[in-house]
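This briefing covers selected local features of one structure. The sequence and the model come first, followed by notes grouped by topic.

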Amino acid sequence: MSRIGRLPIEIPAGVTVSIDGQLVTVKGPKGELSLNAPEPIQVSQEEGQILVSRPNDDRDARERHGLTRTLVNNLVVGVTEGYKKDLEIVGTGYRVSQQGQDLEFALGFSHPVRVSPPAGITFTVEGNNKVSVSGIDKQAVGETAANIRKIKKPEPYKGKGIRYAGEVVRRKAGKAGKK
């Protein structure tokens, strides 16, 4: 039995869960999310908790058991607390500003780079070198943060670029001078 898959998911107060065949819909104070569970996995609701089970020990069912439980748990956490990723901009002259809902980056290119938030994602700027990406869908928050980081990845020589908060960038030694 999957160690993660067998754990029940507690349903907090203010959250409603509806299960229609393989479609799991979770509504909470922050919004509504749904997931189409893969075929061999069964999702059921009992006494204030969600149970994820598999019909047999086939390889396919074992692979998806823990994954499905984690995805359903992410829905519950998303509609109650939400998710947030913090990014830092490091480099002389590198900065970010908020233009309405969009972000405008000055990253040493010949032009400013504008980023618009996808549906359900909000940006907040702290100072001129910190950005927070937040929303209720964990996958959308992570993908948006990764796309912003991809604009100018931290380079290994000076460490300039966009990085996750707390990310450690491995530095390389520069060229050795002539002797």
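This is a predicted model: local features need pLDDT of at least 70, side-chain atom pairs count only at pLDDT 80 or more; totals for chains, interfaces and linings use all residues.

In which helix is the place of Asn-74? Asn-74 belongs to helix H1.

**Sheet**
- Three strands form an open sheet in the order E2-E3-E4, and their pairing is antiparallel.
- Strands E2 (16-20) and E4 (31-36) are at the edges; each has a single partner strand, so one side of each has no neighbour in the sheet.
- From one strand to the next, the twist averages 15°.
- Strand E3 (residues 23-28) and E4 run antiparallel and are joined by six bridges.
- Gly-28 has Gly-31 of E4 as its bridge partner.
- As a general point, the strands of a sheet pair through backbone hydrogen bonds, in either a parallel or an antiparallel manner.

**Helix H1 and Asn-74**
- Within helix H1, Asn-74 counts as buried because its relative accessibility is 16%, and the cut-off for buried is under 20%.
- Apart from neighbours within four places in sequence, Asn-74 is in contact with Tyr-83 and Lys-138.

**Rings and charges**
- The count of aromatic pairs is zero by the rule applied here.
- Lys-85 has its charged end over the ring of Tyr-164, at 5.3 Å from the ring centre.

Methods
Residues are numbered from 1 along each chain as its sequence is written. Side-chain values use heavy atoms; hydrogens and water are left out. Two strands pair if DSSP finds at least two bridges between them. Helices (H or I, at least four residues) and strands (E, at least two) are DSSP runs, numbered from the N terminus. Axes are lines fitted to C-alpha atoms, for helices over the stretch in contact, and angles run from 0 to 180 degrees between N-to-C directions. Buried means under 20% relative accessible area, exposed over 50%, partly exposed in between (1.4 Å probe, protein chains only). Contact means heavy atoms within 4.5 Å. Rings of Phe, Tyr and Trp (its six-membered ring) pair if their centres lie within 6.5 Å; planes under 30 degrees apart count as stacked, over 60 as edge-to-face and the rest as tilted. A charge sits over a ring if NZ of Lys or CZ of Arg is within 6 Å of the ring centre and within 35 degrees of the ring normal.
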